[in-house]
Amino acid sequence: MTESRHLTVSIARPAAEVYAWARDPAHLPQWAAGLATGVRLERGEWVADSPMGRVLVRFVPVNEYGVLDHDVVLPDGTTVTNPLRVLPDGAGCEVVFTVRRRPGMDDAAFEADAAAVTADLGTLQRVLEAR
């Protein structure tokens, strides 16, 4: 078993709206600086320019459960699966991202990954609540 940390943010927008907006890979540069500074569709796949280099981003199919799990294929071919959920909470929602420690990842790298995701979730909140 790997070590996991569940990071959350509450967003004062309807869950369906947050889900629809966040699941569009073209929006990643607006909120996910830890993943993408630029995104484009190449040969049917979403390619992101990331701090790690050129990566592929593959979301699960659209679903009614708020599941936004996505794989990030790193430049070396390693696939990192990122569990991500949008959970209804009254008129708003909670977004939950599970950060998992990858094999060989030291404490500092795990903390840096969690900090980057926390910052990205805060940006997602600010962007969507300003709409």
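**Figure 1. Salt bridges in the predicted model.** Ten salt bridges are present in the structure; a salt bridge is a side-chain nitrogen of Lys or Arg within 4 Å of a carboxyl oxygen of Asp or Glu. This is a predicted model, in which local features need pLDDT of at least 70 and side-chain atom pairs count only at pLDDT 80 or more, while totals for chains, interfaces and linings use all residues. Residues are numbered from 1 along each chain as its sequence is written, and side-chain values use heavy atoms, with hydrogens and water left out.

**Figure 2. Close-up of Arg40, Glu42, Asp49 and Arg54.** A network of salt bridges links Arg40, Glu42, Asp49 and Arg54. Within the pair formed by Glu42 and Arg40, the closest N and O atoms are 2.7 Å apart. Glu42 is partly exposed, with a relative accessible area of 27%, and Arg40 is partly exposed at 31%. Here, buried means under 20% relative accessible area, exposed means over 50%, and partly exposed is in between (1.4 Å probe, protein chains only).

**Figure 3. Close-up of Arg101 and Asp107.** A salt bridge joins the side chains of Arg101 and Asp107, with an N to O distance of 3.1 Å. Arg101 is buried, its relative accessible area being 18%. Asp107, at 55% relative accessibility, is exposed.

**Figure 4. Close-up of Asp113 and Arg102.** The side chains of Asp113 and Arg102 form a salt bridge at 3.7 Å, N to O. This pair links distant parts of the chain, eleven residues apart: Asp113 is in helix α3 (residues 107–129), and Arg102 is in the loop between β8 (92–100) and α3. Helices (H or I, at least four residues) and strands (E, at least two) are DSSP runs, numbered from the N terminus. Asp113 has a relative accessible area of 25% and is partly exposed; Arg102 is also partly exposed, at 30%.

**Figure 5. Close-up of His70 and its surroundings.** Strand β5 (residues 70–73) contains His70, which is buried at 6% relative accessibility. The His70 side chain reaches the backbone oxygen of Leu68 at 3.1 Å. Leaving aside residues up to four places away in sequence, His70 touches Val57, Arg58, Phe59, Val80, Thr81, Asn82, Leu84 and Phe97, where contact means heavy atoms within 4.5 Å.

Note on methods
A polar contact is a pair of N or O atoms within 3.5 Å; within protein, one must be able to donate a hydrogen and the other to accept it, and residues adjacent in sequence count only if both atoms are side-chain atoms.
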